[in-house]
Amino acid sequence: MPQNVAAPSLGHTKNMTEGKPWKLITSFAIPVFLSQLFQQLYNTIDSLVVGHYLGTDALAAVSSSGTLIFLLISFFVGTSMGAGIVISRYFGAKDYDKVSRAIHTNIALGITSGLILTVVGILFTPTFLRWMNTDPDVMPEAVAYFRYYFSGVLAIILYNNCKGIMNALGDSKRPLYYLIFSSLLNVLLDLLFIAVFHWGVWSAAFATTISQALSFVLCMIHLSKKGTIYQVQLKKLGFDKDMLKEIIKYGLPSGIQNSVIAFANVIVQSNINSFTKIATAAYGSFAKIEGFAFLPITSFTMALTTFTGQNLGAREYDRAKKGSIFGICTSVILAEIIGVVIYIFAPFLISLFSDEAAVIALGTQQARTESLFFCLLAFSHAVAAVCRGAGKAFVPMAIMLAIWCVVRIAYITIMMHFIHEIQYIYWAYPLTWGLSSIIYLFYYLFSDWQHGFDAVKRKHTWFSHAGSHRQHLK
């Protein structure tokens with residue numbers, strides 16, 4: 001332990017370098033799943049309340065802005081994932097001074113990112129939506145929803161940063177508790193603003209930002225607890241040069257990866273929008289269902305990143321590989337079971353968001369095109385999570401950029417030019433999931449991903465010796 005840190009309390013953290021890997025990963029993933037379940041409720045309840053009380057135009061307005069919102073925030077959220085990798089690595093190595101420096105740098109980065117996003121999101125909303133071919137009938141409501149959402153995006157970014165810090169330290173329970181509270185508040189505010197006050201679609205975004213702001217406040221109260229290794233102090237907030245370099249090194253590829261996927265989805269959304277507002281509403285409805293369906297898989301992949309980072313930080317190589325095999329297999333099996341359920345009950349699930357027959361028909365068509373291939377999507381995400389935990393964030397970035405962006409966009413562009421039928425857009429997803437899974441399988445089996453951090457250390461050691469040698473020559 002560094003000498004300048006005097007007996008810090010571990011507080012509410014969880015060391016994943018000891019104990020049965022399957023049990024640790026599962027116990028971590030379950031609270032993450034429940035946490036993400038409640039977080040998903042934010043957007044889903046917006047859609048349910050908006051669709052039933054304000055109609056299809058309002059639902060299309062919310063749906064048309066969803067991929068654009070993800071595009072703008074995904075880069076910064078992805079970059080902050082680098083902090084999670086850094087924190088879990090040094091926590092596993094028991095270097096608590098670097099843990100604290102990484103935490104304060106991450107929060108400072110979140111504040112900066114949130115302020116930038118607020119300005120960009122509010123100022124350029126109409127331009128972005130026009131680029132996406134948003135239906136003119138829903139444009140005014142889409143602009144209002146988007147601008148109110150980004151008026152509170154600082155709190156949303158900071159909440160995600162704080163949640164990432166706690167997850168990296170092995171604590172997945174507290175984010176769950178905070179989200180349960182704020183999700184229930186979000187439900188009440190949605191109903192109050194729309195069903196009682198009869199406010200417009202913008203009030204759904206307003207309810208979401210209020211709720212996430214409260215989640216952030218609760219996170220900060222916990223992270224400010226005195227005497228812990230993760231204590232956040234106002235005077236320490238700022239950019240530590242070394243930690244910022246590491247966060248950017250591991251986080252920038254994830255940020256770029258999220259952005260290129262989001263960009264590809266914006267292209268998809270733009271093509272969907274060209275099939276009228278019925279297609280937009282159907283696409284948005286299935287996106288909500290898919291978001292819920294994939295929560296168990298996302299929970300396991302988040303657990304995999306933390307488990308891999310902590311164990312490789314502690315140089316437990318065999319243990320990291322054993323845990324990764326369990327996490328990957330569990331994710332794939334869960335995804336396929338969920339996919340079969342969605343395939344069977346697709347019409348009923350889509351009808352929860354809209355009672356229009358045309359919306360239900362298109363949403364069901366998309367669900368039955370994609371859901372049976374969820375196992376491929378799960379495999380790609382699981383191996384990508386292992387790569388990030390191992391400090392190999394560039395690998396998933398390169399694969400996603402090549403397959404989920406370039407190939408997907410090229411396929412859709414060609415198909416829409418020659419055959420302008422919506423089912424060919426739906427097929428873009430399983431085709432690109434399959435290609436990425438083949439590449440990930442080869443990388444996982446034949447690369448030395450377990451020693452990513454060691455390579456960094458050897459490089460630093462070589463430079464240190466070279467520098468000392470040069471000093472001696474002088």
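The crossing of helices H10 and H12 is right-handed, a term for the near helix being turned clockwise from the far one by less than a right angle. This is a predicted model, in which local features need pLDDT of at least 70, side-chain atom pairs count only at pLDDT 80 or more, and totals for chains, interfaces and linings use all residues. Residues are numbered from 1 along each chain as its sequence is written, and side-chain values use heavy atoms, without hydrogens and water.

H10 (residues 276-293) and H12 (residues 317-351) pack with axes 11 Å apart, at an angle of about 145°. Axes are lines fitted to C-alpha atoms over the stretch in contact, and angles run from 0 to 180 degrees between N-to-C directions.

| Helix | Residues in the H10 and H12 contact (heavy atoms within 4.5 Å) |
|---|---|
| H10 | Ser285, Phe286, Ile289, Ala293 |
| H12 | Ile338, Ile342, Leu349, Ile350 |

Seven of the residues in this contact of H10 with H12 are nonpolar, one is polar and none is charged.

Ile342 also touches Ala367, Ser371 and Phe374, among others. In the largest nonpolar core, of 71 residues, Ile342 is among those with the most contacts, along with Ile272, Ile328 and Phe374. Such a core is a set of buried Ala, Val, Leu, Ile, Met, Phe, Trp, Tyr and Cys residues joined through side-chain atoms within 4.5 Å, where buried means under 20% relative accessible area with a 1.4 Å probe. Helix H15 (residues 394-418) gives the largest share of this core, eleven residues. Another core, apart from it, has 33 residues, including Ile85 and Tyr90.

Of the 474 residues of the protein, 57% count as buried.

Terms used:
Helix = DSSP H or I, 4+ residues; strand = E, 2+ residues; numbered from the N terminus. Nonpolar A, V, L, I, M, F, W, Y, C, P; charged D, E, K, R; others polar. Buried < 20%, exposed > 50% of the residue type's maximum accessible area, 1.4 Å probe, protein only. Lists of a residue's contacts leave out its neighbours within four places in sequence.
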